[in-house]
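Hello,

Here is the structure I promised to pass on to you. Please have a look at it first, and then read on for what turned up in it.

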Amino acid sequence: MELAAVIVQAGGTGARLGGASKPDYVVGGRRLLDIFFDELAGIGFSGKAVVIAPDGVKVPEGVVRTLEDPPGGGPLPGVAAGLAELDLGDDAVVGLATCDAPLAPRLYPWLLERVECDGVVPANCEGWPQYLHGVYRLSALRALTFERHGSIRGAFGGLDVARVEDREGWCIDVDTPEDAEALAATLARL
């Protein structure tokens, strides 16, 4: 199975990072968004990429940038804005991502092997589904309701998705300076 598109959340307040722009936050000499796209290239992704980010965030050439209107509604309206940019059939498979978990694309090949029903999501070590890092049939995503400031679990919880454990911790996100240090250490080992 092939990944036709990826929608990347690259907004947020970065409050625990001192108010920094998360996609522009530098870890190991590179912005989180650049690390993400390097990882995406590393798995041979050739589909359409859509980044949900304000105009001030620089995105790679060929990547579509959009933002929910009005901005600041949380990740669900961001997903909806990204979906609006996709001119694909309902049978296409789409990945969701966040720029603050830049190593998560390493999971896509593994997840794509397991897509059944509506999609497949990684689960953390406690078994919690990481919906914003899953791969989904586009028809399933288009059927969701994306409320401003809505619950991710509430929106995605009704989907028929498989869960697979993220054994390597690739979905670890950078919310604090300590998280950034942990990511830098991981990057140094890769």
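Two strands count as paired if DSSP finds at least two bridges between them. Strands (E, at least two residues) and helices (H or I, at least four) are DSSP runs, numbered from the N terminus. Please keep in mind that this is a predicted model, where local features need pLDDT of at least 70, side-chain atom pairs count only at pLDDT 80 or more, and totals for chains, interfaces and linings use all residues. Residues are numbered from 1 along each chain as its sequence is written, and side-chain values use heavy atoms, with hydrogens and water left out.

Let's start with the sheet. Strand β1 (residues 5–9) runs parallel to β6, and 5 bridges join the two. V6 of β1 faces G95 in β6, while its bridge partner in β4 is A49. With β4 (residues 48–52), β1 again pairs in the parallel sense, over 5 bridges. On to β8 (residues 135–137): this strand is antiparallel to β6, with 3 bridges between them, and R137 in β8 is the bridge partner of V93.

Put together, 7 strands form an open sheet with mixed pairing, in the order β5-β4-β1-β6-β8-β7-β9. β5 (64–66) and β9 (161–165) each have a single partner strand, so one side of each is left without a neighbour in the sheet. On average, neighbouring strands are turned by 25 degrees against each other, direction ignored (axes are lines fitted to C-alpha atoms, for helices over the stretch in contact, and angles run from 0 to 180 degrees between N-to-C directions).

Two helices are worth a look here. Helix α1 (residues 32–42) packs on the sheet and touches β1, β4 and β6, contact meaning heavy atoms within 4.5 Å; its direction makes about 165 degrees with that of β1. Helix α2 (residues 75–84) lies across β1, β4, β5 and β6, at about 145 degrees to β1.

How many residues of β6 (residues 93–98) are buried? The count is 6 of 6, where buried means under 20% relative accessible area, exposed over 50%, and partly exposed in between (1.4 Å probe, protein chains only). Both faces are covered, with V93, G95 and A97 on one side and V94, L96 and T98 on the other. In a regular strand the side chains alternate between the two faces of the sheet.

Lastly, the cysteines. The whole structure has 0 disulfides, a disulfide being a pair of cysteine sulfur atoms within 2.5 Å. The closest cysteine sulfur to that of C99 is in C171, 14 Å away and so too far for a bond. C99 counts as buried because its relative accessibility is 2%, whereas C117, at 45%, counts as partly exposed.

Best wishes
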